[in-house]
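Work through the exercises below with the sequence and the model side by side, and try each task before reading its solution.

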Amino acid sequence: MNILIHDLSYEQFQSLFPDIYNDVYIISDTGTIQHCIGCFGCWIKTPGKCVLKDGYGNMGALLSKSEKLTIISQCFYGSYSPFVKNVLDRSIPWLLPFFKIKNNETHHKRRYQNKMQLAVHFYGNNITTAEKETAKKLVKANCANFYVKNYEISFSNSLKKLCGKVTTI
Amino acid sequence: MKICILNGSPKAGKSTSELLIEYLMTFIKGNDVVIYNVCKTDLSKVQFSQIQSSEVLIFAFPLYVDSINSHLLRFLIKLENMGFSNKNITVYCMINNGFYEGWQNHVAADIMKNWCKAVGLTYGQTLGIGAGEMLPFFKDVPLGYGPNKNIGIALQELSHNILSLDQGDDLFTSPNWPRLLWKIASSFIFWYPKAKKNGLKRKNLYSPHSQI
């Protein structure tokens, strides 16, 4: 399954991607998402599932079905947008609380064994060079923690250009 | 000196960020300090103006998925939109993460530096601490000693720079405790007992959750 997480409005998304295929699972902002409260319930109370009931509680299981994850996000200071970051913060049930050491860094062990590809498409009017460098480091760190080997990253200064960058989902 | 400390931890109970703020307070006594948790309360106009008129802003927050949690991120964007007419503010950060290595906070530190550029404030210094969940276990150990040796030394340097409004290189550190012992302890002293309290066996923690 291919998964798309994006922060575009319904109108923007329909306008930019009218022909998106039906087999893509789309995660967008319905206005109901709650912030992760750091309770670790997804690890030690209901393992694999977030305890918050807002329609975004099954990110771990969803990602376990994913072969390719595409993220479309406005870039803020080199980070994802708050909504996209919110979804990622709620995705840690894909991992286990336990640690392993790889490349001399500690990382969480994985709950699921599926291998994901990742494509991250940032957009924004004035993304600075420093912000781009930070965003690249962020995506690389995410890949290390979510066991992603193949990833791509792009930056667009307009939604129109973004549309051209997102060739496959 | 007017110092505003912004706790960016969304955790319901007592957080490591709160503990780090308590530690820092012992180094910056005698100053005019206010502390707000930006993830738990909606700040009033008066409180926002206190932030905007302070000389020092200190952010204390946990690392979420390699960067800044979404709640704090929204707050940073709100602060940028409100703007800072007073640009004579120096920003410092205390970031803690659940991994062992303090330097895994480096991306979050860079995001905060980029935010400072966006709002026109001066970035002072980062203190990035690893094994954050372990710190409450050592809260009765004096700073600068035993497992709190490294953190005590780093807090001393950070507080010195805060009080003199100086900038400094990023400080990344971990508790003075072997990584292997920390890794074993995290399972046997932290995760397993917490799961047991919830009526779960060890094997339950590894279960995949099939419901989509």
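**Exercise 1.** Which residue in strand 2 of chain B is the bridge partner of B:Leu6?

Solution. This is a predicted model, in which local features need pLDDT of at least 70, side-chain atom pairs count only at pLDDT 80 or more, and totals for chains, interfaces and linings use all residues. Residues are numbered from 1 along each chain as its sequence is written, chains are lettered from A in the order in which they are written, and side-chain values use heavy atoms, with hydrogens and water left out. The partner of B:Leu6 is B:Tyr36. Strand 1 (residues 2-7) and strand 2 (residues 32-37) of chain B pair in the parallel sense over six bridges, where pairing requires at least two DSSP bridges and strands are DSSP runs (E, at least two residues; helices are H or I, at least four), numbered from the N terminus.

**Exercise 2.** Determine how many residues of helix 4 of chain B are buried.

Solution. With buried meaning under 20% relative accessible area (exposed over 50%, partly exposed in between; 1.4 Å probe, protein chains only), ten of the 14 residues qualify, including B:Ile111 and B:Trp115.
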